[in-house]
Amino acid sequence: MFEFIEKIWYDKDVYYRLLKKCVRGCEERVIFVKATKHIKTLNNANLKESAVKGGCGECQASCQSACKTSCTVANQKCEK
Amino acid sequence: MIHKYQLNGYNICLDVHSGAVHVLDDIAYDVLDYCGENMTEKAPEIMYTELSEKYDRDELTETYAALYELYEMGQLFSPDDYEQFADLMTKAPIKSMCINISHDCNLRCEYCFAAKGDFGQGRCLMSFETAKKAIDFIIANSSTRHNLEVDFFGGEPLMNFEVVKQTVEYARSIEKQHNKNFRFTITTNGLLLDDEKIDYINKEMSNVVLSLDGRKEINDKLRVTPNGKGCYDIIVPKYQKLVSERGDKDYYVRGTFTTFSEDFTADVMHMKSLGFDQISIEPVVSDPKLDYSIKYEDLPKVFNEYEKLAKTVIETRQKGDFFNFFHFMIDLNQGPCAIKRLRGCGCGNEYVAVTPQGDIYPCHQFVGQEEYKMGNLNDGTFDNDMKLRFAKANVYSKENCKNCWAKFYCSGGCNANNFQYEGDILKSHKVGCELEKKRLECAIMIKAALADSGVENASCDGEDCFVECH
């Protein structure tokens, strides 16, 4: 179900992986993973940007206790 | 600040204040020890001295340069600029409410934090009149917030299901005129589920949490009826029916692990074998004196089990199969904003719980702690000073959180657990902290492993991909 097609190319010392989404006919989404010879970066580091633009408060409440199933905020979605 | 760790063959570095996650080869992992918040373009000589036996000088220079580039881009040792935002939420409206619709339960689970259903306040059910006041309260106190969440909780909410339905109907009848959108959720032990309730829950509840501890022998050890019998055989077929008819709406089959089930990967996989793919198993939070409690000395065993579970998640996905383990869910790219991450659950400020008597508490875990009673729906009282005190509980007002690498993922932990086990809402619950950090390390490693094997891009949410594809 998750059959990604991988293309790798180099630009200067950075290589990019182009990953196509799954093959079940849903919309193709292209995402980059940037990497150098020694380091692969998994994500866009956008936490700072989110601090400036965020804080609308419309997101789902997250319970930090163990009794309700929502122990971290890391899995919450932004409503914007 | 960074957090570097090795897990399952991966060298991982989280840059705490930018949120960047890097997977490093061995040389970069070693060179990282010579980088810091004031790193310069030129590598320190001591790095060459200390690493020259292991690596070639040119390679060290090249690796240091790659790390310096990340530093320059604000993705390594990025500064902490967030304290200025910490008090942004002090005047936040109330947007979420836990309605304890029943302070009674038809199970007597040994580890129940709610004193086996009645929160130590006597068994009773909420009247519709009180539930209606609760809905009016959240509407009146939610200012311009559009999305309002109401969770039917207990005790066992299905013991008062008619009032649940009346409350939903009432809220729906007035939400448009107030420009609100109610999202209802319910948490049940499943005993009273029948076809009619399943239909209703699947229609009206945006999320449903179904309690089950996993394997029959594990579930039935602690989740027992008043006459001491286990509930597994009664509830599992009902859950299977509910989930099979639920469509793409959210649900979780949710369990608790204790020292009796430290091999909880087996419980997760058992739940999967029953046909559930949204699974949560969470550590019991209880008095360390009790034999089933997870104590500090139990942590190494639990950590090993989390690692085992993480590897099982990876293997399952690599085989083309899927299940979602709630505590390993992490969105590295489009998760909540940093403001949300500073404040976490917002209990006592954005979130309150109400009891059948109409008493208002900061959250369901505080119910019954008299000193934390915030007011009452019937007499219209509400302690705004206490609301402000909770509003100021954020990762920068908690001494142990301020400099913790996990602060933007756990957001300061559970204030109720902090109070109950450490005596202060601002003092982190130590066992909870350690477990949270381990889960985060596993969750990030899973992203790295799935990206590495091309199963999933680390920046996409695996669950969303899965839903879209089915």
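**View 1. D321(B) and its salt bridge with K272(B) in the predicted model.** D321(B) counts as partly exposed at 33% relative accessibility, a class that lies between buried (under 20% relative accessible area) and exposed (over 50%), with a 1.4 Å probe and protein chains only. Its partner in a salt bridge (a side-chain nitrogen of Lys or Arg within 4 Å of a carboxyl oxygen of Asp or Glu) is K272(B), with the closest N and O atoms 2.9 Å apart. Because K272(B) lies in helix 9 (residues 265-273) and D321(B) in the loop between helix 10 (299-318) and strand 11 (324-325) of chain B, the pair ties together parts that are 49 residues apart in sequence; helices (H or I, at least four residues) and strands (E, at least two) are DSSP runs, numbered from the N terminus.

**View 2. The salt bridge between K407(B) and D80(B).** The closest N and O atoms of this pair are 3.1 Å apart. K407(B) is buried, with a relative accessible area of 1%, whereas D80(B) is partly exposed at 33%.

**View 3. The salt bridge between K133(B) and E129(B).** Both residues lie in helix 4 (residues 128-140) of chain B, four residues apart, about one turn of the helix, and their closest N and O atoms are 3.9 Å apart. K133(B) is partly exposed at 28% relative accessible area, while E129(B) is exposed at 54%.

**Notes.** Residues are numbered from 1 along each chain as its sequence is written, and chains are lettered from A and ligands numbered from 1 in the order in which they are written. In this predicted model local features need pLDDT of at least 70, side-chain atom pairs count only at pLDDT 80 or more, and totals for chains, interfaces and linings use all residues, while side-chain values use heavy atoms, with hydrogens and water left out.
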